[in-house]
Amino acid sequence: MSDSVDSAAVAAPVRTGQSGTVVRSTVVRRLLRNPMGIASLVILGSIALLAIFAPVLAPFEENFANITKTLAPADSVNILGTDSAGRDTWSRLLFGAQLTLLSALLCAGVAIAIGLPAGLIAGYYAGKFEAVSNWVVSILMSLPGLIVLLTIRAAFGPSVWISMVAFGVLISPSYFRLTRTAVQSVRNELYVDAARVSGLSDWSIIARHIFSVVRAPIIIQTAAIAGVAIAIQSGLEFLGLGDPTKATWGVMLSEGFKNVYLTPTLLLWPALAMALTIGGLVLLGNAIRDALEDGEKIKHRKKKVHAAEDAASASASKVARKTLAAVEAGTEHHLVKVTNLGVGYPQADGSIKKVVDDVSFHVDRGEILGIVGESGSGKSQTAFSILGLLPDNARIVGGTIQFDGNYTVAPGDERVNQARLSKLRGKRISYIPQEPMSNLDPAFTIGYQLVTPMVRVLGISKDEARKRALKLLTDVGIVNPERTFNAYPHEVSGGMAQRVLIAGAISCEPDLVIADEPTTALDVTVQADVLDLLRELQQRLNIGVILVTHNFGVVADLCDRVAVMQNGRLVEEGSVRDILRNPKEPYTQTLLASMLEGKTPMSMLVSSQKEPVA
Amino acid sequence: MIKFIAKRLGSGLVVLFVVSALTFTLLYTSSGSIARNILGDQATPEQVALKEQELGLDQPLVVRYFAWLGDALSGNLGASWFTSEPVANSLATRIPVTMTMVFAAMILIAICAALIGVAAAVKRGWVDRVVQVAAIVGDSIPGYVIGVFLVTLLAIQLGFFPATSTISPEAGPEAWVYSMTLPVIALLINGVTGGAQQIRSAVIKQLERDYVRTLRSRGIGEREILFKHVLRSAAPAGLTVLSLQLIGMLGGVVIIEQIFALPGMGPLAVTATGQSDLPVVMGVVMYTVVVVIVVNLLVDILNGWLNPKVRVS
């Protein structure tokens with residue numbers, strides 16, 4: 001694993017390349033490195049080989065009956081014994097494997113043959129076809145498989161093939177839905193648009209771009225469906241509704257259950273064969289999914305690394321706490337002081353990938369600090385570590401954070417001190433998120449989401465909180481606060497939702513507000529309003545603000561000081577005036593140069609301003 | 001809300017109509033000579049013709065279907081061709097047996113799967129790993145195989161439980177619980193392992209949502225976030241999982257009842273299928289579709305109540 005990670009990091013283009021061959025070969029390699037993947041392939045491979053060579057390997061014909069030797073225990077001739085008709089269990093198990101695997105393949109094949117094209121058409125062209133097929137799918141999915149198969153059996157008599165074709169039809173919606181969803185998500189991607197513009201026909205777009213998206217999910221789905229098909233077909237045979245002339249695991253299970261008082265071992269073999277086959281398929285599906293996601297391994301290894309690290313750092317931090325219980329001298333007056341902060345994420349190979357490295361800055365009351373940088377520069381991660389809202393797997397790998405004279409990340413701590421921060425969050429530190437809609441719980445009214453934090457944090461009554469919430473909504477410029485108060489999040493606009501979130505952030509009169517790109521998701525006209533609002537509130541309440549943004553315009557407009565971040569490091573910090581006028585770092589210069597404001601337009605737009613543009 | 005329910009109920013009735021028409025067509029056009037099947041190989045062509053007339057098989061299919069539909073709407077589902085027992089009566093005596101078992105299993109599944117799934121999502125660690133492994137094992141072994149082994153081990157070999165669960169209603173609730181234990185366990189194991197796994201994913205998905213982080217930033221406690229916000233948002237997914245399991249169980253219970261010799265829908269359906277006793281098969285299909293429609297309607301109503309957005313659209 002470490003090899004592939006390293007080489008990908010060195011050869012940058014490979015990392016971003018989504019080309020089919022690279023991805024596929026790594027998936028296969030990951031699959032083969034996963035014990036679960038190997039185990040499943042070995043199990044399924046051996047069962048398939050046994051099935052293929054059943055005519056050679058089986059000592060007897062599937063229905064050859066030696067009526068003088070019924071229900072016999074295992075011996076050298078019948079290595080697994082015989083059933084009630086004197087038929088050889090081992091031979092029947094082998095022929096059963098043949099029929100069982102073939103029927104599962106038939107079922108999956110039928111399901112793919114129907115579900116895949118239907119899903120492609122419905123997803124790509126949408127329209128009436130999609131509406132009709134959705135309706136058919138909802139009916140098919142609402143019928144229990146076994147009941148349908150009983151009906152088919154009543155209509156057509158006992159036949160493995162007919163029942164498996166029917167089950168294939170019945171289960172085809174699972175391929176249909178998978179394909180349709182995948183196609184829908186790809187259909188509007190830019191590269192598909194580009195392919196369309198460049199004149200590729202619909203079918204070659206589907207073949208080239210869309211098929212590569214659904215290929216892996218279909219393999220996973222097929223593993224699952226083959227397992228279900230085996231289970232249900234055997235269930236039908238177990239009920240005695242299968243074809244009695246064929247040796248299948250279901251028929252054998254039924255035969256074993258009839259003789260359970262005499263020879264219970266007869267049950268064991270077909271059950272074991274089924275459990276191994278279905279289990280192998282389930283494992284294979286899981287292993288492929290893991291290989292695609294590449295998630296499981298990271299989790300496991302990380303835990304081991306942790307255990308060792310935890311032990312080491314626990315003793316280290318105890319020492320550190322004793323000696324460094326007081327905060328850094330002379331910095332108590334800062335509202336927030338971040339010192340040499342490092343944040344990292346454990347990787348699959350046991351290393352830790354740093355996303356924030358050696359970052360130091362401070363914020364005082366009544367001051368707005370802008371943190372600027374491109375996406376991935378670590379600015380949001382820095383903000384979340386002050387809030388103590390980093391993802392679970394994030395680690396503090398160095399440095400300290402102190403808030404109002406107390407450590408929230410003490411020297412040597414691996415995690416943010418949640419006990420301390422949970423008392424500060426909402427009350428003294430609050431947060432304005434980037435994306436307004438996804439940051440409100442859709443199931444609760446806006447009023448509820450404003451009132452509850454005030455009741456919990458300030459300990460005031462609901463009525464009191466309601467009054468304050470309405471006042472806050474007016475303060476943030478909402479014209480009809482009553483209506484917004486009673487609305488659900490999906491009933492208001494994005495700009496309105498962002499105002500609600502700002503109202504929520506200041507509702508408990510915090511000392512520090514951390515705003516993570518508060519205007520990025522908004523229309524340009526609304527952006528200006530929201531920035532004005534932020535400034536007005538900040539001045540009135542004299543709070544400290546950390547404004548995370550990638551926009552120097554916002555910084556110039558609002559901030560007192562600015563810190564520029566790149567690749568997890570702080571490259572430059574100073575007053576806004578200094579940095580905008582006289583950026584020292586080349587990176588800052590590049591950032592400033594890439595802004596649109598202040599540039600000489602290249603076309604003759606200036607003259608056209610006087611007359612309305614057509 | 002009433003409009004919403006009426007709409008769902010209406011589409012349910014359409015489904016009922018479509019499925020009944022399709023099933024009827026399928027059964028009555030492909031079963032070969034039904035009368036000969038009933039009378040056996042020795043019957044003369046005259047006897048067969050007479051029987052066909054008696055069963056109304058000489059009429060065109062459409063006429064027969066609407067006759068069946070008209071009768072069905074007045075509660076008459078016809079009579080078994082073999083026992084002459086009215087199908088409605090058979091269903092009435094057997095549905096309670098099956099449904100008590102299915103509901104007992106479903107309630108236990110809902111409780112266990114929710115508890116285990118939420119615990120795995122919140123605690124992660126070993127609970128999570130056990131749930132993952134259990135889901136794989138559960139997916140690998142069909143419920144009826146579990147049933148067969150429970151009977152073999154606990155009932156036949158060790159004698160802890162009765163091997164067949166047929167008991168008279170007078171035997172009292174204790175005996176009933178005792179006899180139902182094994183079949184219900186056989187029914188619920190797959191449901192619990194699969195359900196816990198899916199509920200786990202649903203809860204984790206919600207825990208990673210942006211609004212959960214914002215709630216944390218507002219000073220709301222973890223417990224309140226979990227029970228009030230996350231579980232509520234994960235509930236629709238959980239309900240869908242459980243409703244799909246219940247629908248699947250209508251098939252699974254047929255085999256379980258056969259294993260434990262329970263006088264529910266299972267033996268009726270199996271016998272009717274084996275004999276091509278078409279009125280009974282039609283009755284079984286209709287009962288299934290009605291249960292499915294009712295379950296889906298209940299899930300839709302619950303989801304509408306849980307999610308204000310669904311209510312509006």
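This is a predicted model: local features need pLDDT of at least 70, side-chain atom pairs count only at pLDDT 80 or more; totals for chains, interfaces and linings use all residues.
Figure 1. Take the contacts in chain A between residues at least 6 apart in sequence: 69% of them join residues at least 24 apart. Chain A contains 25 helices and 10 strands. Of its 614 residues, 50% count as buried.

**Figure 2. Helix H6 of chain B and what covers it.** This helix runs over residues 125-140, which makes 16 residues. From first C-alpha to last it reaches 23 Å, close to the 22 Å expected at 1.5 Å a residue. Which residues of H6(B) are buried? They are B:Val127, B:Asp128, B:Val131, B:Ala135, B:Ile136, B:Gly138 and B:Ser140. Their cover includes helices from both chains: H4 (35-52) and H13 (265-293) of chain A, along with H5 (87-123) and H8 (173-207) of chain B.

**Figure 3. The largest cavity and its lining.** Rolling a probe the size of a water molecule over the atoms shows where empty space is left. Here, a search of the whole structure turns up eight cavities of 30 Å³ or more, and the largest has a volume of about 100 Å³. Chain A lines this cavity with residues including A:Asn439, A:Leu440, A:Gln449 and A:Pro453, while B:Tyr211, B:Thr214, B:Leu215 and B:Arg218 come from chain B. Three helices each supply at least two lining residues: H17 (446-458) and H20 (494-506) of chain A, and H9 (210-217) of chain B. By type, the lining divides into seven nonpolar residues, four polar and one charged.

Terms used:
Residues are numbered from 1 along each chain as its sequence is written. Chains are lettered from A and ligands numbered from 1 in the order in which they are written. Side-chain values use heavy atoms; hydrogens and water are left out. On a 1 Å grid over the protein atoms alone, a cavity is a set of points where a 1.4 Å probe fits but cannot get out, and a pocket is an open set with protein on both sides within 12 Å along at least five of seven lines; lining residues have an atom within 4 Å of a point. Grid points are joined across faces, edges and corners, and a volume is the space filled by probe spheres set on the points. Helices (H or I, at least four residues) and strands (E, at least two) are DSSP runs, numbered from the N terminus. Ala, Val, Leu, Ile, Met, Phe, Trp, Tyr, Cys and Pro count as nonpolar, Asp, Glu, Lys and Arg as charged, and the others, Gly among them, as polar. Buried means under 20% relative accessible area, exposed over 50%, partly exposed in between (1.4 Å probe, protein chains only). Contact means heavy atoms within 4.5 Å. The expected span of a helix is 1.5 Å times one less than its number of residues.
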